[in-house]
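Here is a short report on one protein model. It follows the strands and their partners.

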Amino acid sequence: MRHALLIIAAIFLTAIPLRAWGWVEERQLGPYLIRAEFPLRDSQNLVDELADLQTDIERQLKLKCEPAEIQIHLFRSRWSYTDYLSKRIPEGTKRQALFVQGTDASRVYAYRHSGLETDVRHETTHALLHSALPFVPLWLDEGLAEYFEVSPGMREKHNPHRRELQWAIRLGWRPAIERLEAKHELLEMEKNDYRDAWGVLHFVLHGPPAAREALADYFAEVQSGKPPAPLSKHLRRKIPNLEQRIIEHLK
Ligand SMILES: [Zn+2]
């Protein structure tokens with residue numbers, strides 16, 4: 001829900017020269033150029049984990065990320081974040097954090113608060129996914145960003161979505177992958193859609209091997225340049241009673 005992929009905004013970014021901003025620190029780290037309004041030693045954990053995020057994504061998804069530059073902008077406060085964006089990407093100011101895909105670089109914007117690390121991992125996951133695939137369907141993009149946004153030790157068993165879904169299952173929740181696949185605009189994604197997308201992808205990544213094979217087949221189709229069959233089709237081809245299997249996996 002934090003994410004906004006704003007391709008149009010990239011045009012403005014190149015059109016408006018950036019005036020000097022009061023960055024306290026600027027650091028190049030692999031593909032990342034991190035600019036912060038506060039000393040990065042305050043976020044050393046985040047910086048260390050960012051270095052591993054690409055490896056984690058590549059290993060878990062069997063993809064090769066090929067990022068050009070990913071600029072990560074870290075603001076000291078929501079006020080400062082809004083101030084910066086309002087002059088450059090005004091439509092992004094309502095969001096808690098932002099990913100913008102540009103032609104020259106990808107850009108991530110986030111501000112310091114208790115969820116900063118989560119926000120940066122979430123948005124940077126978008127940037128890395130888009131460097132590995134020619135396109136990423138919205139629900140898959142968000143579901144994977146939700147998956148990778150928690151710190152590595154929490155991803156399989158301790159994402160808060162797990163407990164949310166366990167409750168929802170008691171109340172009769174069923175996954176609706178085709179409904180998620182039909183969403184193409186960020187505004188169509190409701191709060192629970194992020195949770196549901198996470199749930200389906202947790203099954204894909206940690207459920208039966210056939211589910212991971214379906215994901216691999218799907219990614220191969222996406223990379224082939226031909227219009228791919230949706231992931232749901234690949235999953236249904238390999239896994240009978242898909243909904244029930246997802247529920248049993250998440251329970
Ligand atoms: Zn997102």
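In what order do the five strands of the open sheet stand? The order is β1-β2-β3-β5-β4, and the pairing is mixed. The model is a predicted one.

On average, neighbouring strands are turned by 15 degrees against each other, direction ignored.

Strands of a sheet pair through backbone hydrogen bonds, either parallel or antiparallel.

β1 runs antiparallel to β2 (residues 32–36). Five bridges join the two strands.

β4 pairs with β5 in the antiparallel sense, over four bridges. The two strands form a hairpin, with three residues between them. Within this pair, Phe-99 has Val-108 of β5 as its bridge partner.

## Around β5

On β5, the pairing with β3 is parallel and counts seven bridges. His-73 stands opposite Tyr-109 in β5.

Is β5 mostly covered or mostly open? β5 is mostly covered: six of its seven residues are buried. Helix α3 (residues 78–86) lies across β3 (69–75) and β5 (105–111). The helix runs at about 145 degrees to β5.

Key. Residues numbered from 1 in each chain as written. Predicted model: local features only at pLDDT ≥ 70, side-chain atom pairs only at ≥ 80, totals over all residues. Pairing = 2+ DSSP bridges. Axes fitted to C-alpha atoms, helices over the stretch in contact; angles between N-to-C directions. Contact = placed C-beta atoms within 7 Å. Buried ≥ 20, exposed ≤ 12 C-beta atoms within 10 Å, placed from the backbone.
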